[in-house]
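Welcome! Let us get to know a protein model together, one question at a time.

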Amino acid sequence: MVKTRPGLLSASLEKTMKPKIKIFQDLGFSANDIAEIISNDPYCLYRSADNRFIPTLSVLKSLLGSSAEVAKVLKISGWYLKLDLKKTLVANIEFLKSCGVDMEQIIKQIYNFPRFLLHSPTDMKKFVKKVDEMGTCRSSRLFIHAVRVVSSMTDENWELKLKHFSELGFSKDDILKMFKKSPPAFAVSRRKLKEVKEVLLATGSDLGFPEDDILEMFKKSPPVFAVLQRKLKKVKEVLLATGKYDLSCIVKDPASLLCSIEKKIKPRMLVLGILDTRNFVKKLPSLAAITRMPECKFLEKFVHPYLNEVGEAYMANSALNSKSIIYLKEMGFK
């Protein structure tokens, strides 16, 4: 800390340090929290107690609910103690709320991308305008992610990113559709995008996917580029083993690759396979329906009515959460 701010050695203990530390203590911050916050940003001790410290901590506590949560955020980023939060954070929150974004999503941004909500309100309105022009619906849960991605780049870098997608073989319509489906994919570096595309093309070719299908998968779900080769291969094996699903299912719904194989895909396929061989189901659901169906809904539709046939197999092979276990026991499974 002294290396980055040697001036602290000559700072007044009574006027500069003790008053700020006392504010933290009065709010219930632990000694470890205080030490970590100050170590991360020693210069915070020089900021005004009345004009910066107290107003900032008050705003954060009103938003986050407790001093423990405020401490957590300040340990992530010291930027909150540098700016007037009423003119930045609070103003941006009110604006995003007026755009239809709920507080739960906004609060997550404070933890995950702390500097996003500290842009000037003027800039935030520009980011939203650009996202609107890209066609992302304000009612979409992805809207705030789209705004955040746009905010992370200068206009010049944004144009370079769009140009790079075009150079990878995607049309303007493809790019707009991908942005609507997965804004975070646009935060990936140009070099990584190119490398991952080459790897996925090689991997997909090895697994029997034509290049057109691979590009179509990426258009539908850009995050699939992050799926490891071994996982792609494993999902393929699980699907083909059923005799009811093939590679076209993955092409139609590549987002299914993002689900856990062991916790979701395999146990659900096991249950459906048993029900199919015993003629309990007339038609198997699509891969998209299988992977997107909430746990309790899957239990209600495919496990509970056939507890004697599939209950034990499902319990043994899936990572059930406590609610699901309680649900099964209430339904009579022991």
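Below are some questions and answers about this model.

This is a predicted model, in which local features need pLDDT of at least 70, side-chain atom pairs count only at pLDDT 80 or more, and totals for chains, interfaces and linings use all residues. Residues are numbered from 1 along each chain as its sequence is written, and side-chain values use heavy atoms, with hydrogens and water left out.

Q: Which helix has the highest mean pLDDT among the elements of the protein?
A: The term pLDDT is the predictor's confidence in each residue, from 0 to 100. The protein averages 80, and 77% of the residues score at least 70. Among the elements, the lowest mean, 59, belongs to helix H19 (residues 322–330), while the highest, 98, belongs to helix H5.

Q: How many helices and how many strands are there in the protein?
A: Helices (H or I, at least four residues) and strands (E, at least two) are DSSP runs, numbered from the N terminus. Counted this way, the protein has zero strands, and its helices number 19.

Q: What share of the protein's residues count as buried?
A: Buried means under 20% relative accessible area, exposed over 50%, and partly exposed in between, using a 1.4 Å probe and protein chains only. Of the 334 residues, the buried share is 44%.

Q: Is Ile107 buried or exposed?
A: You can find Ile107 in helix H6 (residues 103–112). Leaving aside neighbours within four places in sequence, Ile107 is in contact (heavy atoms within 4.5 Å) with Leu63 and Leu64. Because its relative accessibility is 17%, Ile107 counts as buried.

Q: Which residues does Gln105 touch, not counting those up to four places away in sequence?
A: Gln105 is also worth a look: it is found in helix H6. With a relative accessibility of 9%, Gln105 counts as buried. Its contacts beyond those sequence neighbours are Arg141, Ile144 and His145.

Q: Which residue caps the N-terminal end of H3?
A: Helix H3 spans residues 49–64, and its buried residues include Phe53, Leu57 and Leu60. Just after H3, Gly65 takes a positive phi of about 95°. At the N-terminal end, a side-chain oxygen lies 3.4 Å from the backbone nitrogen of Asp50, and that oxygen belongs to Ser48.

Q: What is the phi of Asn279?
A: Most residues other than glycine have a negative phi. Asn279 sits in the loop between helix H15 (261–277) and helix H16 (287–292), and it is exposed, with a relative accessible area of 67%. Its phi is positive, near 60°.

Q: How many residues are in the largest nonpolar core?
A: A nonpolar core is a set of buried Ala, Val, Leu, Ile, Met, Phe, Trp, Tyr and Cys residues joined through side-chain atoms within 4.5 Å. Among the members of the largest core that touch the most other members are Phe24, Tyr80 and Trp158. Apart from it lies another core, of 28 residues, among them Val235 and Leu287. The largest core itself has 55 residues.

Q: How many disulfides does the structure hold?
A: A disulfide is a pair of cysteine sulfur atoms within 2.5 Å. Cys99 counts as buried, at 5% relative accessibility, whereas Cys296 is partly exposed at 35%. The number of disulfides in the structure is zero.

Terms used:
Polar contact = N/O pair within 3.5 Å; in protein donor to acceptor, adjacent residues only side chain to side chain.
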